[in-house]
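Please open the structure in the viewer and keep the selection tool at hand.

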Amino acid sequence: VIGINLNYSMDKLREVGAGAMLHDIGKLRISREILKKPSGLTDEEFNEIKKHTIYGYQILKDNRNISEIAAYIALSHHERHDGNGYPMQLKGNEINEFARIVAVADVFDALSSDRVYRKKLSPQEIIEYITETGSHHFDPEVVDKFINLVTMYSIGTKVILNTGERGVVVANNRGLPLNPVVRVIYDENKNRLEDYYEINLADSLNIFIEDVCDIEWKT
């Protein structure tokens with residue numbers, strides 16, 4: 001989706017898509033005990049984890065059925081815009097443009113998923129992390145596209161507002177991933193409203209989503 005909004009051709013979209021799917025293939029050569037370790041890694045273990053970028057490049061670079069771009073994505077998706085990434089400490093435009101896209105998508109996926117060593121972050125925490133670190137970790141243009149396109153609360157998500165009211169997301173506002181349109185169905189006492197109403201959180205600065213509900217609502 002980021003590639004589409006960077007006006008990528010279909011060929012380029014296929015390349016970035018294939019590279020994104022294969023970017024962590026090098027982890028096949030990392031010990032499962034390290035990958036699944038529920039506690040903090042030692043320096044030695046973390047250095048071993050970092051080798052997955054090189055392993056991925058080695059696996060993909062000589063495969064005639066895989067674009068060379070995928071190999072570069074595997075190699076450099078942990079490089080950072082300020083040069084503090086790995087394995088080569090590349091910075092800015094030295095980093096492959098496709099890898100700069102996958103770097104943002106990879107972090108978003110990691111933060112929004114449960115891991116053996118931590119629970120997933122809330123949508124607000126994810127957006128804050130990516131925007132706050134965006135100026136030095138990621139390509140600012142990619143972060144810009146990401147924020148304009150990402151949907152943190154998909155349509156149909158049941159949510160609790162800070163007012164205590166509960167409802168369901170019915171639409172999203174482009175560029176405002178934390179401020180969708182919510183159809184309020186239950187009041188703050190969990191009583192179903194006779195007449196629901198919709199509130200556009202983009203226009204209501206004092207009202208925001210506090211949590212997501214997994215409960216089954218009465219009809």
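Leaving aside its neighbours within four places in sequence, with which residues is isoleucine 209 in contact? The model under view is a predicted one. Select isoleucine 209 together with Tyr153, Val159, Ile160, Leu161, Pro180, Val182 and Leu201: these are the residues that isoleucine 209 contacts, once neighbours within four places in sequence are set aside.

**Stop 1: isoleucine 209**

Isoleucine 209 belongs to strand E5. Is this residue buried or exposed? Its relative accessible area is 7%, which is under the 20% cut-off, so isoleucine 209 counts as buried. Glycine 167 and isoleucine 209 are 42 residues apart along the chain, and their C-alpha atoms are separated by 9.9 Å.

**Stop 2: the sheet**

Now select leucine 161, whose bridge partner in E5 is isoleucine 209. From here, display the whole open sheet: its 5 strands follow the order E4-E3-E2-E1-E5, with antiparallel pairing. Which strands form the edges? They are strand E4 (192-200) and strand E5 (209-212), each of which pairs on one side only. On average, and with direction ignored, neighbouring strands of this sheet are turned by 40° against each other.

**Stop 3: helices H5 and H6**

Move to helix H5 (residues 52-61) and H6. Their axes lie 7 Å apart, and the helices pack at an angle of about 170°. Angles over 145 degrees count as roughly antiparallel, and H5 and H6 are therefore roughly antiparallel to each other. To see the contact, select Thr53, Ile54, Gly56, Tyr57, Leu60 and Lys61 on the H5 side, then Ala70, Ala71, Tyr72, Ala74 and Leu75 on the H6 side. Colouring by class shows 8 nonpolar, 2 polar and 1 charged residues in this contact.

**Stop 4: helices H6 and H7**

Which residues of H6 meet H7? Select Ile69, Tyr72, Ile73 and Ser76 in H6, which meet Phe98, Ala99 and Val102 in H7. The residues of this contact divide into 6 nonpolar, 1 polar and no charged. Finally, highlight Tyr72 of H6, which takes part in the contact with H5 and also in the contact with H7.

Note on methods. Residues are numbered from 1 along each chain as its sequence is written. This is a predicted model: local features need pLDDT of at least 70, side-chain atom pairs count only at pLDDT 80 or more; totals for chains, interfaces and linings use all residues. Side-chain values use heavy atoms; hydrogens and water are left out. Contact means heavy atoms within 4.5 Å. Helices (H or I, at least four residues) and strands (E, at least two) are DSSP runs, numbered from the N terminus. Ala, Val, Leu, Ile, Met, Phe, Trp, Tyr, Cys and Pro count as nonpolar, Asp, Glu, Lys and Arg as charged, and the others, Gly among them, as polar. Two strands pair if DSSP finds at least two bridges between them. Axes are lines fitted to C-alpha atoms, for helices over the stretch in contact, and angles run from 0 to 180 degrees between N-to-C directions. Buried means under 20% relative accessible area, exposed over 50%, partly exposed in between (1.4 Å probe, protein chains only). Angles under 35 degrees count as roughly parallel, over 145 as roughly antiparallel, 65 to 115 as roughly perpendicular and the rest as oblique.
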